[in-house]
Amino acid sequence: MLLWLFLKLLALGTVVALFCELGIYYAVILRCDWPPLKAQAEPQGSSEPVLKALFLADTHLLGALRGHWLDKLRREWQMERAFQTASWFFEPDVVFVLGDLFDEGKWSSPEDFKDDVKRFQMMFRHLSSTDLFVVAGNHDIGFHHE
């Protein structure tokens with residue numbers, strides 16, 4: 001009886017963990033949609049092509065100076081899952097990342113900065129048919145405390 005209760009709780013915990021770590025991204029994104037455009041109401045073939053753009057801002061990836069490994073692991077997992085799910089579902093033509101990619105850009109050593117860039121590229125990988133434009137922010141190049 002006690003073993004059966006333990007197995008039920010273990011199964012429930014597993015389902016909850018899977019939903020919270022994977023399923024939640026789909027549950028939220030499936031409620032989103034591209035806004036309807038007037039051109040879509042016109043007969044097929046007469047409308048202008050539509051550019052689908054995805055915007056991101058202030059990812060603030062933690063660096064080697066202030067970033068705890070567990071916090072980095074958790075935040076980066078969530079950002080990567082959210083981005084990959086949105087990219088898969090919406091299939092944007094272009095992605096804009098609007099600054100503050102890193103939290104310690106100005107203070108990172110060249111080696112740490114290269115590592116941060118590799119992590120960014122891995123997390124926000126995209127199809128070759130999708131253009132990616134990245135703009136540096138004040139946390140990336142400094143001057144926000146000066």
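Is Glu91 buried or exposed?

*Solution.* Begin with the place of Glu91: the loop between helix 2 and strand 2. Next, take its relative accessibility, which is 53%. The cut-off for exposed is over 50%, so Glu91 counts as exposed at 53%. One more thing to look for here is the backbone: phi of Glu91 is near 45°, a positive value in a residue other than glycine.

Keep in mind as you work that this is a predicted model.

**Exercise 1. Get an overview of the chain.** Find how many helices and strands the protein chain has, and state their order.

*Solution.* 
- Step 1: Count the elements. There are 4 helices and 3 strands in the protein chain.
- Step 2: Look at burial. The protein chain has 146 residues, and 29% of them count as buried.

**Exercise 2. Describe how helix 1 and helix 2 pack.** Give the angle and the distance, then name the residues that touch.

*Solution.* Two quantities are needed here: packed helices are described by the angle between their axes and by the distance between those axes.
- Step 1: Locate the helices. Helix 1 covers residues 2-29, and helix 2 covers residues 69-90.
- Step 2: Read off the geometry. The two axes come within 10 Å and cross at roughly 40°.
- Step 3: Classify the angle. Angles under 35 degrees count as roughly parallel, and 65 to 115 as roughly perpendicular. Helix 1 and helix 2 are therefore oblique to each other.
- Step 4: The crossing of helix 1 and helix 2 is right-handed.
- Step 5: Name the partners. Helix 1 brings Glu21, Leu22, Tyr25, Tyr26 and Ile29 to the contact.
- Step 6: Sort the contact residues by class. They divide into 10 nonpolar, 2 polar and 3 charged.

**Exercise 3. Repeat the analysis for helix 2 and helix 3.** State the geometry and then the residues that meet.

*Solution.* 
- Step 1: Geometry. Helix 2 and helix 3 pack at an angle of about 35°, and their axes are 9 Å apart.
- Step 2: Partners. On the helix 2 side you find Lys72, Glu76, Met79, Glu80, Phe83 and Gln84, which meet Arg119, Met122 and Met123 in helix 3.
- Step 3: Classes. This contact has 4 nonpolar, 1 polar and 4 charged residues.
- Step 4: Another residue of helix 3 to find is Asp112. At 27% relative accessibility, Asp112 counts as partly exposed. Its C-alpha atom is separated by 7.3 Å from that of Gly63, 49 residues away along the chain.

**Exercise 4. Explore the loop between strand 2 and helix 3.** Decide whether Ser108 and Asp100 are buried or exposed.

*Solution.* 
- Step 1: Find them. Ser108 lies in the loop between strand 2 (94-98) and helix 3 (110-123), and Asp100 lies in the loop between strand 2 and helix 3.
- Step 2: Apply the cut-off. Buried means under 20% relative accessible area. Ser108, at 13%, therefore counts as buried. Asp100, at 7%, counts as buried too.
- Step 3: Look around Ser108. A polar atom of its side chain lies 2.8 Å from the backbone oxygen of Glu104. Beyond neighbours within four places in sequence, Ser108 is in contact with Phe113 and Asp116.
- Step 4: Check the backbone of Asp100. Its phi is near 50°, a positive value in a residue other than glycine.

Key. Residues numbered from 1 in each chain as written. Predicted model: local features only at pLDDT ≥ 70, side-chain atom pairs only at ≥ 80, totals over all residues. Heavy atoms only, no water. Axes fitted to C-alpha atoms, helices over the stretch in contact; angles between N-to-C directions. Helix = DSSP H or I, 4+ residues; strand = E, 2+ residues; numbered from the N terminus. Parallel < 35°, antiparallel > 145°, perpendicular 65-115°, else oblique. Left-handed = near helix turned anticlockwise from the far one by under 90°. Contact = heavy atoms within 4.5 Å. Nonpolar A, V, L, I, M, F, W, Y, C, P; charged D, E, K, R; others polar. Buried < 20%, exposed > 50% of the residue type's maximum accessible area, 1.4 Å probe, protein only. Polar contact = N/O pair within 3.5 Å; in protein donor to acceptor, adjacent residues only side chain to side chain.
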